[in-house]
Amino acid sequence: MGENELIFGILDPKILQSPISLQPGLISSAIDNYAYSDSIPPHFVKLFTFITKQFQEINDLTVLHKIADILGNIAGYKLGMNARNVIAICENIMIRLLCSNDRNHISSSINFFRKVARVIGPRFVFQNFISKNVDNSSAILGISILSHQLIADFPSFPFTIDDFQGWIFPLFKVQSIGPELVRLIKLRIPDFDYSDISFVSRPLTVPISSSSPPNQSNATFHQATPKKCPVHPPKTARPSPLPKLYPRGSAPRVSIICDERRPPKTAQRQSQLQLKDTSIIYKMTGRQKEVREFVDNPFNEEEDVQTIYSKSITNVSSEDWELRSQGYNNLRRILRYSNETFSSDDIHKVVTQSLVDIDSVKSALCMSSVSFLSEIVDVKSGEMESEIGKIIPILVKKVSQCGQFLEKSLEAFFEICVNKINGRKLVKSVISPLSQNKSPKSQLCCMKLINDSIKKNYSSGDILFPKNSNDLGQILNLLVRFSEGSTQEVRDSAKKSLRILSSMYSDSFQQIVQKALSVTDISILNKVIYSQ
């Protein structure tokens, strides 16, 4: 390999000379900014193996957390069915994260397998990873959550009792997660019963916690023995309280990873009263919910993906709002499970139409268009960088106009933008809406985008703009202005951004400031930077 030759056609060798804590960010940026070239063909399977071996011996779980995210994006979006071959390669890293007491580390490993399962199906993950590691008492909490998530992610998958034969029982005993897992399996397999499973003879080491949550380090362990229950209880027996069963496909989708205790009924009633919204659009009718339903499953052999794609491209230009909404949902599914089908030639057309539909009075259509934009930015970030300049101003404005039903979708979109879009281009797209928008909610949204982008660049060792850039001068002027205006949250965010920029440009910062700001603004800036 020559001095300047890319590793497997993707990575600059200089990345490996950076501090180990900075390497995940640099590797992620290299993959996100990768563009296919016939002269330098990529080798993503070899890249996956290389990254895994490079970080195999690292003990810092924060670094491994970031590596798991990178490996998940490669396996979930770049490898296709080759993802079957990489689970064993990274098993050591994923198990160490699952054994952590930090839920963020556990989640990074779980998300890796969820992305893989979207391509190769959950059964393969059950057979080739979970069943092999269920005896690991330190990882059993994470494995239980992973099992629950894989079942919940695929409501239409044809699970059978054989999928859980012999290994599932220890997970039922895990505090909090176990009963949820039993309930969910019974929803998928109504005939499921403990007596249907032939338990393998094995020690059942299950974490039991007396007062602390199961993920804390002071959890205790003991040997558990399953109680023998008659298969057919006597008719006079009083039935024990069972979890509420729902019709197939109608169970509430509760994420165990972000589990929170349900508030008391009085608190629920108060929160319901607070949901009144003054905007025109704030909830969907039953028909709109039905139209907006997103089929989050891989394509089967009977489905012609190219035909579905062509029809969906036509539908998003239809006069019928229902067809447009269905078109966006199908395009999301194609981006997630067959992204190579989505032609770059159609991106501009569909994105332009989606920005029109974001202002639709039909809630389902509005939600579908935002969800589509989130998916396409996540999967095709390189192509979307040329579109982001027209997307951000419209969605920032929407923040101040939308009802509560859309807020979380917009937050998810902006978070994906920060993670996937080049920080320089994202901040540049925010300059205009920040300077023109008077809504405190929109201003706070812009400030958060700027702050998160600056932090991302700073953590990877990159500057935001060249030192003599006009864009840098504009950002400095805006941040100084908002450090004294608007709401407290906006002021705090502006001050944080200014302090990070001061560290980012280090010795050159004063020279940049002298050129970009007035004497009055320099005085304000110095108070921000040097006062605590």
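**Entry 1. Cysteines**

A disulfide is taken here as a pair of cysteine sulfur atoms within 2.5 Å. I searched the whole structure, which is a predicted model, by that criterion and found zero disulfides. I then looked up the accessibility of two cysteines. Cys90 has 0% relative accessibility and counts as buried. Cys99 has 27% relative accessibility; it is therefore partly exposed, since buried requires a value under 20% and exposed a value over 50%.

**Entry 2. Nonpolar cores**

I next examined the largest nonpolar core, which holds 80 residues. Ile392, Phe413, Phe414 and Leu501 are the residues that touch the most other members. I noted that helix α15, residues 363–379, is the top contributor to this core, with ten residues.

I listed the contacts of Phe413, leaving aside its neighbours within four places in sequence. They are Leu373, Ser374, Val377, Ile388, Ile391, Ile392 and Leu395. Another core, of 71 residues, lies apart from the largest one. Its members include Ile67, Ile168, Phe172 and Val174. For context, I recorded that nonpolar side chains tend to be buried together in soluble globular proteins.

**Entry 3. Aromatic pairs**

I searched the whole structure for aromatic pairs and found 14. One of them joins Phe126 and Trp167, with 5.5 Å from centre to centre and 35° between the planes, and it is classed as tilted. This pair links distant parts of the chain, 41 residues apart. Phe126 belongs to helix α6 (residues 122–133), whereas Trp167 is in the loop between α7 (140–153) and α8 (169–172). Phe126 is buried at a relative accessible area of 1%, and Trp167 is buried at 5% relative accessibility.

I also looked up Tyr309 and Phe342. Their ring centres are 5.4 Å apart and their planes stand at 65°, so the pair is edge-to-face. Tyr309 is in helix α12 (residues 305–315) and Phe342 is in the loop between α13 (321–337) and α14 (347–357), so the pair ties together parts 33 residues apart in sequence. Tyr309 has a relative accessible area of 4% and is buried; Phe342, at 2%, is buried.

**Entry 4. Aromatic cluster and a charge over a ring**

I found that Phe126 and Trp167 belong to one aromatic cluster with Phe154, Phe157, Phe159 and Phe164. Finally, I located the charged end of Arg333 over the ring of Phe299, 4.1 Å from the ring centre.

Methods
Residues numbered from 1 in each chain as written. Predicted model: local features only at pLDDT ≥ 70, side-chain atom pairs only at ≥ 80, totals over all residues. Heavy atoms only, no water. Core = buried A, V, L, I, M, F, W, Y, C linked by side-chain atoms within 4.5 Å. Buried < 20%, exposed > 50% of the residue type's maximum accessible area, 1.4 Å probe, protein only. Helix = DSSP H or I, 4+ residues; strand = E, 2+ residues; numbered from the N terminus. Contact = heavy atoms within 4.5 Å. Phe/Tyr/Trp six-rings, centres within 6.5 Å; stacked < 30°, edge-to-face > 60°. Lys NZ or Arg CZ within 6 Å of the ring centre and 35° of its normal.
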